[in-house]
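Q: Please take a close look at one helix pairing in this model. I would like the contacts, the geometry and the surrounding packing in one connected account.

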Amino acid sequence: MGAEAHADGASEPQRSSRRFPTLTRDTARPEGGGRAASGGFPAPARQWPLLSVMGGVALGLLLVALDAFRIGSIVIGLALLGGAALRWALPSVGMLAVRSRFTDMATYGGLGFVIVMLALMVQPKPWIHIPFLDDIVHFTVR
């Protein structure tokens, strides 16, 4: 396997091993990290998945600021769950893709689920009651 000659007569340097180089010169884009719309569209249209999730979170934060803590928190959690669904369903989601598809879905989905569940269980007058959590709290805190 010889070196391929270029037009100017120089050859490419050969790698001495199959190990990754010790100095990283670039990072790979996450899978699905391409534009959500073609380059002819304006920048906001190319990043609509990220903007929709951020818009949902902003709406939830506004509701929390307006003293609707439970509803605002549920909206924030649902926005993150929507981000997980977009990451699963679309081949390219732009800047919503941060890591691998599985890691993004697990992160967005897990955080969204936990936020929604905590919002449903917040005191006073929780909307749902999970009995085994009382036992866990009694065993660890009381």
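A: In this predicted model, α2 and α3 meet through two sets of residues. From α2 come W48, P49, S52, V53, G56, V57, L59, G60, L61, L63 and V64. From α3 come F69, I71, G72, S73, V75, I76, A79, G83 and L86. Sorted by class, this contact has 14 nonpolar residues, six polar ones and no charged ones.

Now the geometry. The axes of α2 and α3 come within 7 Å. They cross at roughly 170°. An angle over 145 degrees counts as roughly antiparallel, so α2 is roughly antiparallel to α3.

Next, α3 by itself. This helix has 21 residues, and at 1.5 Å a residue it should span 30 Å. Its end C-alpha atoms are 30 Å apart, so the two values agree.

Burial comes next. The buried residues of α3 are R70, G72, S73, I74, I76, G77, A79, L80, G83, A84, L86 and R87. They pack against α2 and also against α4, which covers 101–121.

Setting aside neighbours within four places in sequence, Y108 is in contact with L80, L81, G83, A84, L96 and V98.

Key:
Residues are numbered from 1 along each chain as its sequence is written. This is a predicted model: local features need pLDDT of at least 70, side-chain atom pairs count only at pLDDT 80 or more; totals for chains, interfaces and linings use all residues. Side-chain values use heavy atoms; hydrogens and water are left out. Contact means heavy atoms within 4.5 Å. Axes are lines fitted to C-alpha atoms, for helices over the stretch in contact, and angles run from 0 to 180 degrees between N-to-C directions. Helices (H or I, at least four residues) and strands (E, at least two) are DSSP runs, numbered from the N terminus. Angles under 35 degrees count as roughly parallel, over 145 as roughly antiparallel, 65 to 115 as roughly perpendicular and the rest as oblique. Ala, Val, Leu, Ile, Met, Phe, Trp, Tyr, Cys and Pro count as nonpolar, Asp, Glu, Lys and Arg as charged, and the others, Gly among them, as polar. The expected span of a helix is 1.5 Å times one less than its number of residues. Buried means under 20% relative accessible area, exposed over 50%, partly exposed in between (1.4 Å probe, protein chains only).
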